[in-house]
Amino acid sequence: MKLIKYFSIGLVFLVLVLFLTQERSNYQILRGETMGTFYSIKIRTDKNDNMLNTRIRQKLADINATMSVFEKDSEINKINEAPADEWIELSDEMSKLLKSAYSIYKKTGGDFDPTAGKLVDMWGFGTVKTERIPSQEEIDEVLSYSGFNRIKFSADYKKLKKEHSETKLTLSAIAKGYGVDEIAKL
């Protein structure tokens with residue numbers, strides 16, 4: 001019985017020694033702000049890779065400049081400000097994301113709808129800050145020109161045009177995930 005007791009104590013001691021002497025993997029942690037929120041990226045590495053840090057920050061800045069309604073000169077804001085029935089050239093990145101968004105829109109029967117930009121603003125969650133609850137009449141008016149089916153794409157998804165000039169896109173429900181995917185690729 002004493003032998004089992006000493007063996008158990010020795011085994012626990014051995015495991016503890018192995019745990020404490022085991023070489024730990026280092027992590028590089030990158031933090032910042034993008035798309036109206038904060039990010040933290042943890043990368044297992046033994047060295048600080050400043051080039052990777054630079055590439056990640058640049059990729060996030062590019063995505064933000066393309067897809068954020070909070071960036072005045074972003075591509076999405078150019079789309080939102082465009083008049084009805086005018087073809088708008090899309091960047092490759094925007095084309096890819098809107099093609100995916102349209103597929104999700106169709107698969108969900110319209111429950112996922114990137115044309116909810118005006119509705120998001122009306123409730124104070126977008127670029128317009130308000131605490132006022134919109135009336136049903138205001139909501140109905142916005143719904144009359146919302147709907148991803150009111151946006152037409154060229155066959156290759158390189159161009160789009162809106163049926164109504166007041167239709168406003170918001171990509172907040174898909175752009176952050178897209179950003180995560182793109183950073184993972186790096």
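A pocket is defined on a 1 Å grid over the protein atoms alone, as an open set of points where a 1.4 Å probe fits, with protein on both sides within 12 Å along at least five of seven lines; lining residues have an atom within 4 Å of a point. Grid points are joined across faces, edges and corners, and a volume is the space filled by probe spheres set on the points. The model is predicted: local features need pLDDT of at least 70 and side-chain atom pairs pLDDT 80 or more, whereas totals for chains, interfaces and linings use all residues. Residues are numbered from 1 along each chain as its sequence is written, and side-chain values use heavy atoms, with hydrogens and water left out.

**Exercise 1. Describe the largest pocket: what is its volume, and which residues lie nearest its centre?**

Step 1. The volume of the largest pocket is about 360 Å³.

Step 2. Its lining comprises 22 residues, and those nearest the centre are Val69, Phe70, Gly126, Thr127 and Thr170.

Step 3. Assign the lining to secondary structure, where helices (H or I, at least four residues) and strands (E, at least two) are DSSP runs numbered from the N terminus. At least two lining residues come from each of α2 (50-67), α3 (75-81), α5 (117-122) and α7 (175-185). The largest share, three residues, belongs to α5.

Step 4. Classify the lining, with Ala, Val, Leu, Ile, Met, Phe, Trp, Tyr, Cys and Pro as nonpolar, Asp, Glu, Lys and Arg as charged, and the others, Gly among them, as polar. The largest pocket then has 10 nonpolar, nine polar and three charged lining residues.

**Exercise 2. Which element gives the most to the lining of the second largest pocket?**

Step 1. The second largest pocket has a volume of about 270 Å³. It is lined by 17 residues, with Tyr39, Ile41, Leu60, Val180 and Ile183 closest to its centre.

Step 2. β2 (37-44), α2 and α7 each contribute at least two residues to this lining. The most comes from β2, with six residues.

Step 3. By class, 12 residues of this lining are nonpolar, four are polar and one is charged.

**Exercise 3. Why is the pair of Phe148 and Phe153 edge-to-face?**

Step 1. Rings of Phe, Tyr and Trp (its six-membered ring) pair if their centres lie within 6.5 Å; planes under 30 degrees apart count as stacked, over 60 as edge-to-face and the rest as tilted. The whole structure holds six aromatic pairs.

Step 2. The ring centres of Phe148 and Phe153 are 5.9 Å apart and their planes stand at 75°, so the pair is edge-to-face.

Step 3. Relative accessible area is taken as buried under 20%, exposed over 50% and partly exposed in between (1.4 Å probe, protein chains only). Phe148 is buried at 0%, and Phe153 is buried at 17%.

Step 4. Ring pairs join Phe148 and Phe153 in a cluster with Tyr102, Tyr105 and Tyr157. Tyr157 is itself buried at 16%. Tyr157 lies in the loop between β4 (151-153) and β5 (159-162), and has a positive phi of about 60° although it is not a glycine.

**Exercise 4. Is Asp85 buried or exposed?**

Step 1. Asp85 is located in the loop between α3 and β3 (88-89).

Step 2. Its relative accessibility is 55%, so Asp85 counts as exposed.

Step 3. The phi of Asp85 is near 60°, a positive value in a residue other than glycine.
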